[in-house]
Amino acid sequence: MKKLGLIVAALFFVILITVTPAKAAYLPEYDKYVEVSYEDARYIADLVGLKGIPLGEETARLSFEFQETLIAKIEKRLNTEIDHYYIWLTVDGQPVLGIDPPVPMF
């Protein structure tokens with residue numbers, strides 16, 4: 001009986017050390033690209049606080065970075081993981097805005 005208790009304790013210890021919580025991740029393989037008009041992209045960019053910033057790589061980068069930071073804060077506050085991907089709005093084939101529809105993982 002003592003041996004069994006020792007084996008169970010050792011197994012529990014090994015599991016405790018080797019198992020770490022999964023990290024939420026940006027899942028680019030699920031990204032969607034939606035072609036929109038310049039006017040529609042401009043309207044949406046203005047709605048999310050990018051008013052006055054010319055559409056292009058800069059707005060795509062800013063929208064991505066802002067949402068990545070926001071997701072990290074939400075995860076920390078809620079103590080949960082959120083895997084996510086982006087819907088990239090494109091104008092003439094170039095991404096100009098990233099929209100993150102989060103998918104909570106409980």
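## Burial classes and the model

Buried means under 20% relative accessible area, exposed means over 50%, and partly exposed covers the range in between. Aspartate 46, at 28% relative accessibility, therefore counts as partly exposed. Please keep in mind that this is a predicted model. With that in place, let's look at the charged pairs and then at the aromatic rings.

Side chains of opposite charge can pair when their charged atoms come close. Searching the whole structure turns up three salt bridges. One of them joins aspartate 46 to arginine 42, with 3.0 Å between the closest N and O atoms. Both residues sit in helix H2, which spans residues 38–47, and because they are four residues apart there, about one helical turn separates them.

The two partners fall into separate burial classes: arginine 42 has 15% relative accessibility and counts as buried, while aspartate 46, at 28%, is partly exposed.

Helix H3 covers residues 57–78 and contains both glutamate 58 and arginine 61, three residues apart, or about one turn of the helix. Their side chains meet in a salt bridge at 2.7 Å, N to O. Glutamate 58 is partly exposed at 37% relative accessibility, and arginine 61 is partly exposed as well, with a relative accessible area of 36%.

Which other residue does arginine 61 meet in a salt bridge? That partner is glutamate 65, again at 2.7 Å from N to O. Glutamate 65 and arginine 61 are four residues apart in helix H3, so about one helical turn lies between them. Glutamate 65 has a relative accessible area of 39%, which means that this residue is partly exposed. Through shared partners, the salt bridges join Glu58, Arg61 and Glu65 into one network.

## Aromatic pairs around phenylalanine 64

A pair of aromatic rings is described by the distance of the centres and the angle of the planes. The structure holds five aromatic pairs. Among them is the pair of tyrosine 26 and phenylalanine 64: the ring centres are 5.3 Å apart and the planes meet at 65°, so this pair is edge-to-face. Tyrosine 26 belongs to the loop between helix H1 (2–18) and strand S1 (32–35), whereas phenylalanine 64 belongs to helix H3, so the pair ties together parts 38 residues apart in sequence. Tyrosine 26 is partly exposed at 27% relative accessibility, and phenylalanine 64 is partly exposed at 24%.

Phenylalanine 64 also pairs with tyrosine 86, in a tilted arrangement with 4.9 Å from centre to centre and 45° between the planes. Here phenylalanine 64 in helix H3 meets a residue from the loop between strand S2 (81–83) and strand S3 (87–91), so parts 22 residues apart in sequence are tied together. Is tyrosine 86 buried or exposed? With a relative accessible area of 0%, tyrosine 86 is buried.

## The ring cluster

Stepping back, ring pairs link Tyr26, Phe64, Tyr86 and Trp88 into a cluster.

Terms used
Residues are numbered from 1 along each chain as its sequence is written. This is a predicted model: local features need pLDDT of at least 70, side-chain atom pairs count only at pLDDT 80 or more; totals for chains, interfaces and linings use all residues. Side-chain values use heavy atoms; hydrogens and water are left out. A salt bridge is a side-chain nitrogen of Lys or Arg within 4 Å of a carboxyl oxygen of Asp or Glu. Helices (H or I, at least four residues) and strands (E, at least two) are DSSP runs, numbered from the N terminus. Buried means under 20% relative accessible area, exposed over 50%, partly exposed in between (1.4 Å probe, protein chains only). Rings of Phe, Tyr and Trp (its six-membered ring) pair if their centres lie within 6.5 Å; planes under 30 degrees apart count as stacked, over 60 as edge-to-face and the rest as tilted.
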